[in-house]
Amino acid sequence: MIFIAIVMGCILGAVIGIYAPMVPYTYSGYLAIAIIAALDSVFGGIASTLNKQFDLKVFVSGFFGNAILSMLLTYLGQKLNVDIYLAAIVVFVGRMFNNLAIIRRYYLQKWSNHKKKEAVEKVEQ
């Protein structure tokens, strides 16, 4: 079910991307940091789903809250002439790698258990 949603989202994003106007250079930094923050929330949502701790309210509030906060940090940094957005990038990318590691370990453990089960069934025959 989740894979169907992912595929549909990718197709929808590609179609919208083809027909969407170009983002002006002035706003590209805001969009980039918002996308990184949103991806952090998506990976966190997938990891919490695998751990059976997913809460939609937490996901949605984190998705929009992280994106808005990161854009505000970028705006503040531009006004102060300091690259504050780099701190947000370091934090969000670090969390994305941690969540990706959780997802990877889950599927490696699942695959390993499946192989062990197949080996036991083969020995019993």
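**Pockets and aromatic contacts in the predicted model**

Helices H2 and H3 (56–80) each contribute at least two residues to the lining of the second largest pocket, helices being DSSP runs of H or I with at least four residues, numbered from the N terminus. The structure is a predicted model, in which local features need pLDDT of at least 70, side-chain atom pairs count only at pLDDT 80 or more, and totals for chains, interfaces and linings use all residues. Residues are numbered from 1 along each chain as its sequence is written, and side-chain values use heavy atoms, with hydrogens and water left out.

A pocket is an open set of points, on a 1 Å grid over the protein atoms alone, where a 1.4 Å probe fits, with protein on both sides within 12 Å along at least five of seven lines; lining residues have an atom within 4 Å of a point. Within the second largest pocket, H2 supplies the largest share of the lining, four residues. Residues that line this pocket include Tyr25, Thr74 and Asp83.

For the largest pocket, the lining comprises 13 residues, with Ile2, Ile6, Val42, Gly45 and Ile46 nearest its centre. Here too H2 provides the largest share, five residues.

Four aromatic pairs were counted, a pair being rings of Phe, Tyr or Trp (its six-membered ring) with centres within 6.5 Å, stacked if the planes are under 30 degrees apart, edge-to-face if over 60 and tilted otherwise. Phe63 and Phe64 pair edge-to-face, at 5.1 Å centre to centre and 85 degrees between the planes. Phe54, Phe59, Phe63 and Phe64 together make up one aromatic cluster.
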